[in-house]
Amino acid sequence: MKARVHVMLKNGVLDPQGEAVRHALGSLGFDGVEGVRQGKIIELDLADGTSEATIGEMCEKLLANTVIESYSVEVL
């Protein structure tokens, strides 16, 4: 079983990496980019039968800093 966890900064939390990407795109001539939010994807290979609740617990305890980040889980 595979799962993909998408982790993003919550709205309202400053994203300096996203802002650096936005500036770099502007420097390269891509003027239409008004904002960039950067996140991360974590792919998990899990034992068959692992529940989404268990994956959620992994996210809450380690994979995402839930104070400033949100996450979504995609079971593949």
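How far apart in helix α1 are R22 and E19, in helical turns? I looked there first. They are three residues apart, so about one helical turn separates them.

I am working on a predicted model, where local features need pLDDT of at least 70, side-chain atom pairs count only at pLDDT 80 or more, and totals for chains, interfaces and linings use all residues. Residues are numbered from 1 along each chain as its sequence is written, and side-chain values use heavy atoms, with hydrogens and water left out. Helices (H or I, at least four residues) and strands (E, at least two) are DSSP runs, numbered from the N terminus.

**Salt bridges.** I found five in the structure. The criterion is a side-chain nitrogen of Lys or Arg within 4 Å of a carboxyl oxygen of Asp or Glu.

I took R22 and E19 as one entry: their side chains meet at 2.4 Å, N to O. R22 is partly exposed at 22% relative accessibility, and E19 is partly exposed at 33%. The classes are buried under 20% relative accessible area, exposed over 50%, and partly exposed in between (1.4 Å probe, protein chains only). I also checked E19 against Q38, 19 residues along the chain; their C-alpha atoms are 8.8 Å apart.

Next I looked at K61 and E57, whose salt bridge has an N to O distance of 3.1 Å. Both sit in helix α2, four residues apart, about one turn. K61 is exposed at 65%; E57 is partly exposed at 43%. Salt bridges with shared partners join R4, E43 and E74 into one network.

**Helix α2.** I listed its buried residues: I55, G56, C59 and L63. They lie on the same side of α2, because they cover an arc of only 100 degrees around the axis. The arc is taken over directions from the helix axis to the C-beta atoms. On the face turned away I noted exposed A53, K61 and L62. The cover over the buried residues includes β1 (2-9), β2 (39-45) and β3.

**E69.** I found this residue in strand β3 (residues 69-75). E69 is buried yet has no salt bridge; K40, the nearest side chain of opposite charge, is 4.1 Å away. I then found the side chain of E69 reaching the backbone nitrogen of N65 at 2.7 Å.

Terms used:
Lys, Arg positive; Asp, Glu negative; His and termini not counted. Polar contact = N/O pair within 3.5 Å; in protein donor to acceptor, adjacent residues only side chain to side chain. Contact = heavy atoms within 4.5 Å.
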